[in-house]
Amino acid sequence: MGEGWGWGRRGEPDWPLRATCRAREPKTVLARPCAATAAALLTGSDPASSASASACRSAPLSVRYGRLPPRVFSAAEPETMAKPAQGAKYRGSVCDFPDFNPSQDAETLYNAMKGFGSDKEAILELIISRSNRQRQEICQNYKSLYGKDLMADLKSELSGDLARLILGLMMPPAHYDAKQLKKAMEGAGTDEKALIEILATRTNAEIQAIKEAYKEDYHKSLEDALSSDTSGHFKRILISLATGNREEGGEDRERAREDAQVAAEILEMADTSSGDKSSLETRFMMILCTRSYPHLRRVFQEFVKMTNYDVEHTIKKEMSGDVRDVFVAIVQSVKNKPLFFADKLYKSMKGAGTDEKTLTRIMVSRSEIDLLNIRREFIEKYDKSLHQAIEGDTSGHFLKALLAICGGED
């Protein structure tokens, strides 16, 4: 459940501050595997012969956010902070399958599930190598041809982690996210991490679609569900994010300086009981939840110039609980969204156990958006590929399906 602001005492940095910027090394170009590549990975054939690749590369960055300690920037170098997400070209690992024939695909799936047992290899190969739009057409043709619901048949033939993965791929994205939010609020406990991951990273259009899907599927508004399952400032932040009303314009430098000043004042008042503190806290929430991504990047730059601290580091130091976690997620998403998801994937497979729910949720939801960018951030930060991490932490058909979605080795 949500916690209060939990401001701590402002301390000194844990290391000497530096006034230098580290240039980012040129990155290796990742090929975007088309749908046919996923099928090739499942069958063990050469992906290069199965699909034509298109280059995917983000612009070089002068600063990698989130990896360096807080630094001092002089007034003479206001432009030295990079804008990681600007100019980036996002690429998913799954795209439309060429020469798509929904009736033929429906027949293939029917035959794979007919009789005793099922041909899981055929099911995985077909579903993972089609885009979500194409999967919806297959569902319609399956019902037309056989008078049966494809989702219900798949659910009866598959189980465990594999079932959650395949059924997730079959759902329209907005309905899948709505279901994940619903699950996060079911039962006695609340999965705050799942709520934060989804609501802090989706675009306005995606949020609006999720709200419509939630209302359609569960006959209750998303806002009402969040209100009844969370509390305090954490609830207010989530509801603000769930409006899907973030500004979409560019940066306003004068306004950015004002917003950065609000954030700086909040930190200065952390140990006081001033009556203005509550008003400033509300404004701080409003800034992070409603300002556009380009504008927030400028705010973060102005914050560094005013305070000599990085805003993410400062939030981690001065706040606690769910409020800290959601604000950090917003900041990381603004700075570099693929890196945010790469970190989440790494943590889901770190240590003895595996967080299959988080692993599945990210692989499904980002497969057609920016999974190739996530792969690139993953190998650069952790010195091993996402493909290798999945191979070392999962097994069986679940492993094969994840690797096919991943789209290849880096």
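Guide: Met185 counts as buried because its relative accessibility is 10% (buried means under 20% relative accessible area, exposed over 50%, partly exposed in between, with a 1.4 Å probe and protein chains only). This is a predicted model, where local features need pLDDT of at least 70 and side-chain atom pairs count only at pLDDT 80 or more, while totals for chains, interfaces and linings use all residues. Residues are numbered from 1 along each chain as its sequence is written, and side-chain values use heavy atoms, with hydrogens and water left out.

Visitor: Where does Met185 lie?

Guide: In the loop between helix H7 (173-184) and helix H8 (192-199). Helices here are DSSP runs of H or I with at least four residues, strands are E runs of at least two, and both are numbered from the N terminus.

Visitor: And what is Met185 in contact with?

Guide: Skipping neighbours within four places in sequence, Met185 contacts Leu195, Tyr214, Leu222, Ala225, Leu226 and Asp229; contact means heavy atoms within 4.5 Å.

Visitor: Switching topic: how do H6 and H17 cross?

Guide: The axes of H6 (residues 160-170) and H17 (residues 356-366) come within 10 Å and cross at roughly 25°. Axes are lines fitted to C-alpha atoms, for helices over the stretch in contact, and angles run from 0 to 180 degrees between N-to-C directions. The two helices are therefore roughly parallel to each other (under 35 degrees; over 145 is roughly antiparallel, 65 to 115 roughly perpendicular, the rest oblique).

Visitor: Which residues make the contact?

Guide: H6 brings Asp161, Arg164, Leu165, Gly168 and Leu169, and H17 brings Glu356, Thr360 and Val364.

Visitor: What about the largest nonpolar core?

Guide: That core has 101 residues, and Leu154, Phe327 and Met363 have the most contacts inside it. A nonpolar core is a set of buried Ala, Val, Leu, Ile, Met, Phe, Trp, Tyr and Cys residues joined through side-chain atoms within 4.5 Å. Helix H16 (residues 321-349) gives the largest share, 13 residues.

Visitor: What does Met363 touch?

Guide: Beyond four places away in sequence, Met363 touches Leu345, Leu371, Leu386, Ile390, Leu402, Ile405 and Cys406.

Visitor: Is H20 mostly covered or mostly open?

Guide: Mostly covered: 8 of the 11 residues of H20 (residues 396-406) are buried, including Leu402, Ile405 and Cys406. Gly407 follows H20 and has a positive phi, near 90°.
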